[in-house]
Amino acid sequence: MDGLPKIIQGGMGVAVSGWRLAQTVSRLGHLGVVSGTALDQVLARRLEDGDPGGHCRRAFDAFPFRGMAERVWSRYYIPGGKAPDAPYTRLPFHGLECPRPLAEDCLLGNFVEVFLARDGHPNPVGINYLEKIQTPHLISIYGAMLAGVGYILMGAGIPLKIPGVLDAYVNHEPATYPLYVAGAQDGDDTTMHFRPREFMECDLPPLTRPRFLPIIASNTLAVTLLRKSNGKVDGFIIEGPTAGGHNAPPRGKPALSAQGEPVYGERDRVNLEAIRGLGLPFWLAGGFGGPDVLQAALDEGAAGVQVGTAFAYCEESGLRDDYKQAVLRLVAEGKSPVRTDPIASPSGFPFKVVELDGTVADEAVYNARPRVCDLGYLREAYRTPDGRIDFRCPSEPLSVYVSKGGTEEDAAGRKCICNALVATAGAPQVRAQGRFVEAGIITAGDDLAGIGRFMRRGSIRYTAADVIRVLLDERDER
Ligand SMILES: Cc1cc2nc3c(=O)[nH]c(=O)nc-3n(C[C@H](O)[C@H](O)[C@H](O)COP(=O)(O)O)c2cc1C
């Protein structure tokens with residue numbers, strides 16, 4: 001499997017696998033993957049925080065469209081950063097059509113993240129998207145390709161139409177993507193469009209087509225992707241239900257354990273023999289963050305492993321430091337309270353949550369939060385009775401959700417993980433003149449306890465290089 005990575009550092013949103021982590025992993029010769037979720041928001045907030053370290057400025061200077069770079073920079077940059085009690089600017093929502101300024105923010109957000117992850121070394125870098133967050137796809141992917149992204153990895157959905165987008169963008173040709181609209185009827189136009197030439201301010205040579213790796217949890221999905229995608233699929237990440245972040249729901253009739261967690265069974269096991277028969281490279285994910293597992297995966301015919309949890313808590317990750325330290329301390333004390341919450345995420349997918357006090361995993365913290373939906377990445381498109389397309393989220397104010405045809409039952413227990421995840425990335429929204437600050441939410445795989453193996457003697461901190469050393473079974477020379 002020449003030229004393919006053995007270790008993929010999985011994409012972790014929002015900004016947990018930021019450019020710093022991905023750059024470190026790729027520099028070490030493995031595949032670093034930045035999260036592609038909410039990068040417009042992440043960029044705007046970094047600029048409103050005064051662009052510490054000047055890294056965004058470096059990436060803006062390399063961006064080919066100078067007018068656009070200037071507009072986005074002047075929209076958000078605050079020298080020295082905003083006042084702590086001042087709110088971050090509220091960006092418009094993505095939709096079937098994207099307002100031009102937001103499209104520019106999104107394009108640059110993706111460009112900046114990939115550019116910085118690639119900076120200073122020759123190795124490929126990937127970007128991860130959740131298929132479910134469809135509205136920014138077309139713009140995001142073009143921004144990432146402008147920065148020379150080497151791999152696109154996509155989970156949480158069935159990304160049949162992504163390969164065609166990649167092929168179109170090689171020559172800056174227009175691309176389309178079908179928006180899933182609940183209740184859509186024949187004849188409704190639910191297609192999103194992006195025409196690079198409407199944004200290009202100069203001619204550019206063709207772009208390189210990144211490799212495309214869908215993240216899947218079933219054999220059926222692998223076969224469907226191969227048969228029905230509108231272009232080339234380059235391999236698969238096979239992710240099991242122990243992985244951090246969102247998980248595929250169990251197949252068959254939903255059942256919950258006594259602790260209220262989804263129960264997975266034999267039907268959720270991916271048949272690797274059938275996957276091998278497809279003839280494409282594949283990587284195994286979910287609990288592959290320890291010694292010996294890489295060899296075990298290779299013995300199964302995999303090209304390697306994708307690892308998330310182990311990297312999420314290392315020095316270079318974008319998880320904000322107070323949360324990171326708190327989780328590392330818990331693990332050092334022998335505690336690793338991870339729960340698979342079947343309803344917290346408005347996406348409808350089970351979501352693994354670390355039960356840490358002070359985060360929205362704590363019911364008291366969440367109940368004290370005003371129900372606001374102002375980021376909206378997980379909103380669902382639906383057809384209104386008069387035939388328009390509107391958006392709703394089960395964690396928005398209840399009366400609003402119900403007025404859009406949502407049910408109280410579906411809204412119960414849902415959390416605004418958009419605001420919570422951006423807070424976890426270190427840029428919490430501030431409301432009511434600083435009297436309310438959004439709390440975060442933390443996710444990890446079932447093997448959170450396993451990160452204890454990376455801690456150095458006398459310290460609970462560890463680096464991405466420590467993780468890679470353990471994965472490769474290399475001796476610790478320290
Ligand atoms: C903090 C965290 C955030 C994650 N976010 C995403 C994400 O945004 N998109 C995605 O496809 N996978 C996400 N994942 C899954 C990882 O990319 C990876 O597949 C998974 O963590 C592998 O299993 P492990 O956690 O047992 O190592 C996340 C995982 C963690 C731990």
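Two strands pair if DSSP finds at least two bridges between them; helices (H or I, at least four residues) and strands (E, at least two) are DSSP runs, numbered from the N terminus. The model is predicted: local features need pLDDT of at least 70, side-chain atom pairs count only at pLDDT 80 or more, and totals for chains, interfaces and linings use all residues. Residues are numbered from 1 along each chain as its sequence is written, and side-chain values use heavy atoms, with hydrogens and water left out.

**View 1. An open sheet of three strands, in the order S6-S14-S15, with mixed pairing.** Strand S6 (181–182) and strand S15 (389–392) are the edge strands; each has a single partner strand, so one side of each lacks a neighbour in the sheet. S6 runs parallel to strand S14 (residues 380–383), to which two bridges join it. Ala-182 has Tyr-382 of S14 as its bridge partner.

**View 2. The buried and exposed faces of helix H8 (residues 219–228).** Asn-219, Leu-221, Ala-222 and Leu-225 are buried (under 20% relative accessible area; exposed is over 50%, partly exposed in between; 1.4 Å probe, protein chains only). These residues lie on the same side of H8, because they cover an arc of only 170 degrees around the axis, taken from the directions from the helix axis to the C-beta atoms. The face turned away from the buried side carries Arg-227 and Lys-228, both exposed.

View 3. Tyr-366 is buried, with a relative accessible area of 8%. Leaving aside residues up to four places away in sequence, Tyr-366 touches Val-360, Ser-395, Arg-414, Lys-415 and Cys-416 (heavy atoms within 4.5 Å). A polar atom of the Tyr-366 side chain lies 2.7 Å from the backbone nitrogen of Cys-416.

Methods
Polar contact = N/O pair within 3.5 Å; in protein donor to acceptor, adjacent residues only side chain to side chain.
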